[in-house]
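Subject: Structure handover

Hi there,

Here is the structure I promised to pass on to you. Please have it open while you read, as my notes follow it directly.

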Amino acid sequence: MPRPTLSRVLLALLGSLIQAVGVSSVHAWSSVTEGGVLGMTLLLHHWLAITPAASSLLLNALCYLLGWRTLGREFLLYSIISGAGFSLFYAIAEPFAPLFPALIASPLAAALSGAVFVGVGAGLCVRVGGAPGGDDALAMALSHLTRVPIQWIYLLTDAVVLGLSLSYIPLARLLYSLLTVVLSGQIIGLMQRLPLPPRGRSIGC
């Protein structure tokens, strides 16, 4: 297993923090949902009565497996850091949520602010090579395999899940969800162009 560098670990943790605050204070309190693995688990629960506790574990595991097989051990290392950081920061932020009540006053405000939190947060994690969630692992792997920019992979996978979700979620609500996934995917694509800090010394060396 490669050794992590301090600068990239800090960027991954910062991204995990930003995303955790956004999900706990915006998405969890608004009618705006997500595509990807989360949306698929809700779809399976509605139509097949499969608990998200089981389906999310299986779907995320499959996405991380594809990411590891495609992108290698460094991906796995920074994904563990990003995913663990997200869980930790979410647990810390959740009791204080919502931190920004004005952002959930309307679906439009929630969609725009949620996109910024998720786009910047996940974008930082993806930029250093890790995936805080199964959606990110799937997008990174498919982008690597197809050479399609990652923002379009996010859009495609989220649009498919949101389209299927029309079978039980009102169109008006899904339009706001589509807005947030389009914007967050584009922001992640922009974050991918940011220069990375030099690798420097590895932690533990």
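This is a predicted model: local features need pLDDT of at least 70, side-chain atom pairs count only at pLDDT 80 or more; totals for chains, interfaces and linings use all residues.

Let me start with helix 1, which covers residues 6-25. Its 20 residues reach 28 Å from the first C-alpha to the last, close to the 28 Å expected at 1.5 Å a residue. The buried residues of helix 1 include Arg8, Ala12, Ser16 and Gln19, and the buried residues of this helix pack against helix 4 (73-93) and helix 5.

With a relative accessible area of 0%, serine 82 is buried. Beyond its neighbours within four places in sequence, serine 82 is in contact with Ala12 and Ser16, and also with Cys125, Gly130, Ala131 and Pro132. Both Ala12 and Ser16 are among the buried residues of helix 1.

Next comes the packing of helix 7 and helix 8. Their axes are 8 Å apart and meet at an angle of about 165°. That angle is over 145 degrees, so helix 7 is roughly antiparallel to helix 8. The contact draws on residues from both helices: Ile150, Gln151, Trp152 and Tyr154 are among those from helix 7, while Val181, Val182, Gly185 and Ile188 are among those from helix 8. The crossing of this pair is right-handed.

Which residues touch the most other members of the largest nonpolar core? They are Met140, Ile150 and Tyr154, in a core of 13 residues. Helix 5 (107-128), helix 6 (134-146) and helix 7 (150-165) each supply at least two residues of it. Ile150 is worth a look on your screen: leaving aside neighbours within four places in sequence, isoleucine 150 is in contact with Val126, Ala139, Met140, Ser143, Ile188, Gly189 and Gln192.

Serine 184 belongs to helix 8, which spans residues 171-191. Is serine 184 buried or exposed? Its relative accessibility is 5%, so serine 184 counts as buried. Apart from neighbours within four places in sequence, serine 184 is in contact with Ala115, Val118 and Gly119. Serine 184 and glutamine 151 are 33 residues apart in sequence, with 8.3 Å between their C-alpha atoms.

Leucine 142 sits in helix 6 and is partly exposed, at a relative accessible area of 27%. Its contacts, again leaving aside neighbours within four places in sequence, are Arg147, Ile153 and Thr157. From leucine 142 to proline 98, 44 residues apart along the chain, the C-alpha separation is 34 Å.

Arginine 147, one of those contacts of leucine 142, is in the loop between helix 6 and helix 7. Arginine 147 is exposed, with a relative accessible area of 65%. Its backbone may interest you too: most residues other than glycine have a negative phi. Arginine 147 has a positive phi of about 65° although it is not a glycine.

Happy to go through any of this with you.

Best wishes

Methods
Residues are numbered from 1 along each chain as its sequence is written. Side-chain values use heavy atoms; hydrogens and water are left out. Helices (H or I, at least four residues) and strands (E, at least two) are DSSP runs, numbered from the N terminus. Buried means under 20% relative accessible area, exposed over 50%, partly exposed in between (1.4 Å probe, protein chains only). Contact means heavy atoms within 4.5 Å. A nonpolar core is a set of buried Ala, Val, Leu, Ile, Met, Phe, Trp, Tyr and Cys residues joined through side-chain atoms within 4.5 Å. The expected span of a helix is 1.5 Å times one less than its number of residues. Axes are lines fitted to C-alpha atoms, for helices over the stretch in contact, and angles run from 0 to 180 degrees between N-to-C directions. Angles under 35 degrees count as roughly parallel, over 145 as roughly antiparallel, 65 to 115 as roughly perpendicular and the rest as oblique. A crossing is left-handed if the near helix is turned anticlockwise from the far one by less than a right angle, and right-handed if clockwise.
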